[in-house]
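Hello,

Here is the structure I promised to pass on. My notes follow below it.

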Amino acid sequence: MLDILFKNCTIIDPFNRVETKADLLIEGGRITGLERDITPRDGIKTINLQGRWVVPGLVDIHTHLREPGEEYKETILTGLKSAVAGGFTTVCAMPNTRPPNDSASVTRFIIGRARECNLGRVLPVATITKAQKGTELTEFGDLLSAGAVAFSDDGLPVKNSRIMRLALEYALNFDALIISHSEDLELARHGVMNEGRMSTTLGLMGIPNAAEDIQVYRDVRLAETTGARLHIAHVSTKEAVEIIRSAKRRGVRVTCETAPHYFSLTEEAVEGYNTLAKMNPPLRTEEDREAIIEGLRDGTIDCIATDHAPHSTLEKECEFEKAANGIIGLETAVPLGLRLVKKGVLSPMQLVELMTVGPCKVIGLEKGGVRPGELADLTVIDPECAFHVTPQNLCSKSHNSPFLGETLEGRAVITLFEGRCVFDLHGMVS
Amino acid sequence: MKHLLGMRFLEREEIEAILDQAEAFKEILERPIKKVPTLRGKSVANLFFEPSTRTKLSFEMAAKRLSADTVGISKTTSSVVKGEDLIDTVKNIKAMKTDCFVIRHASSGAPHMIARHLDCPVINAGDGTNEHPTQALLDCLTIKERFGDFKGLNVVVVGDILHSRVARSDLMALTKLGATCSVSGPATMLPPYVEEVLGAKRIYDIKEAVREADCIICLRIQRERLGDLPLFPSVREYASFFGIFPEVLEYAPPESVIMHPGPINRGVELDPGLADSDRSLILDQVTNGVAVRMAVLVMLLAQNN
């Protein structure tokens, strides 16, 4: 267990609404001191964290770990390594594995594997319907008992509105959370990127904003009808932000997330048939990007989730139309979020909130934050550290990032989980 | 110019240079011995991953007129049917010391991807719903021969603009050369931002669309591209509202001409009689196809020396 004294940290802790400069003492893995000036006792390792942030361990509620079934893309172990390298100590594993997480045995397998890895917390999300087929509900009660934290059919959204209604209704018995990848599959059909100027420029078939908006409205309306808890995954359009904003005003129990790429990139990134910019929902326009940022600012969007979607070169170095959707995101989320802080769009506290308290509230996870008595579950962020995004510098098994080759600014440098150091970029702790 | 991937990447001067070169080559095609040694010892691989008759033959003819050696594959005979990766396929053919690749592929951007992986010229012979640059060049040459200049010229492209790589390349090339372009057809087949991106005005009524047109380019209704859902109610209705028939032509200027990239669905997008009339430039287009492809091959391979 860890004994260490962090001097001169900038503590940003939205759980306890604390933003202060202080020293942080960790003894036996537990936070024992948080004061202005702690004198180091004999023999304790002391690190000066001047200019660096100490924040609660980040939480990502949308991660694809690919195990079981697609271990050539990512495993629970490599996914967790990537998570802690990005500053995340908790990730929600999406259920579209092979087999999908539609039974308690798969849920238990994921939790068991994660425990063996012992790097971070994995909270499995189970499917809404058996085999994501959209026809029969899974055993919500059994899955929750096994450790599932929410339900989502992810990339294969529930098409039949009646089944979606049933899912939301049945979720009421357990106060369970339904997560929706809201997309009208028929409108999106044949589309491989955003429908707009770029799709016409590149001669690629487009997916209109309406494909997302229509389904977001359907799902929000069904949440309103049933009174159930609904979370909209990866919001990408300005209209969807508006639909959710107005639903929240009406008191609908809806939350939502966006991914860093939707506030960092636009459809322009697809230029040159760049398969690393292919994802679903697709990268939209500048207008949408600005609306997403406004949604983050005014609290319409509850959290930033990565939608970390590892794919091997087999799925990405091919024809654009054939290429798989999705990019990895765990390790680049912090630097991309920091851009918003540096531009003055978000305060440091807002950014950390969107990556800790926000996602915890969505899934109902209790965390203590940075306060004496807690087991250390913390991330040290260096806002200035240069991060050259190369395959060698990434911990994920896959390297499908549109930021490959770029040098980003700021990243997680130390990650502590359950009182142990699980990531230490510069070898400062060990 | 290192590759010919699309009209999007060509400057006006480059297009003009290709057309000039093509005009010079047309003379060779009239000779009794239609062959020059310009590309002797060069090998050109024609990789047609999608069916094609005239473009494939035209490229082959162009290469042979220049004394280049040609090899070719088509989808049914290649190991693509065994699931071989596209990049692997072209790298293997490149390893046989190929000097130039001509690519036809069902995916937009496939030639661009190949060009990134190879250090020799790649010519796009039609990629998905993106571009068909040599078709645009031959269309431009045909128009230039007929009208002399592109300034002040009105061209309307009629049909499935959304899925047509010919329409996209034509519009990009013609607007760069100074022509005024418009598009017409079922609104379900007109792409978003067509005016902003492709510089072509949308005109929904076909009679109005042809009113000022010096040149009417009809597109083939590509039934195989419509996927599971028809984008218009019936072929019959298409023919009567969007087909180019004598009744429609009455609204067009009398000296206007008709072009079509072929193959024609006679009686659907174009009246069977009009296709063979003296207003049709369709066979001139085909002849010019060989000339512009010769020009492109020479310009890319000569530069590569």
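**Chain B: helix and sheet**

Helix α3 (residues 86–95) of chain B lies across β1 (43–48), β2 and β3 of chain B, at about 155° to β3(B). Contact means heavy atoms within 4.5 Å. Axes are lines fitted to C-alpha atoms, for helices over the stretch in contact, and angles run from 0 to 180 degrees between N-to-C directions. Helices (H or I, at least four residues) and strands (E, at least two) are DSSP runs, numbered from the N terminus.

This is a predicted model: local features need pLDDT of at least 70, side-chain atom pairs count only at pLDDT 80 or more, and totals for chains, interfaces and linings use all residues. Side-chain values use heavy atoms, without hydrogens and water; residues are numbered from 1 along each chain as its sequence is written, while chains are lettered from A and ligands numbered from 1 in the order in which they are written.

Four strands of chain B make an open, parallel sheet, ordered β2-β1-β3-β4. Strands pair if DSSP finds at least two bridges between them. The edge strands are β2 (69–74) and β4 (122–127) of chain B. Four bridges join β3(B) (residues 100–105) to β4(B). There, B:His105 stands opposite B:Asp127.

**Rings**

A:Phe140, A:Phe151, A:Tyr170 and A:Phe174 form one aromatic cluster. A:Arg411 lies over the face of A:Phe387, 4.3 Å from the ring centre. A:Lys278 lies over A:Phe320's face, at 5.4 Å. The criterion is NZ of Lys or CZ of Arg within 6 Å of the ring centre and within 35 degrees of the ring normal.

Best regards

How values were computed: Phe/Tyr/Trp six-rings, centres within 6.5 Å; stacked < 30°, edge-to-face > 60°.
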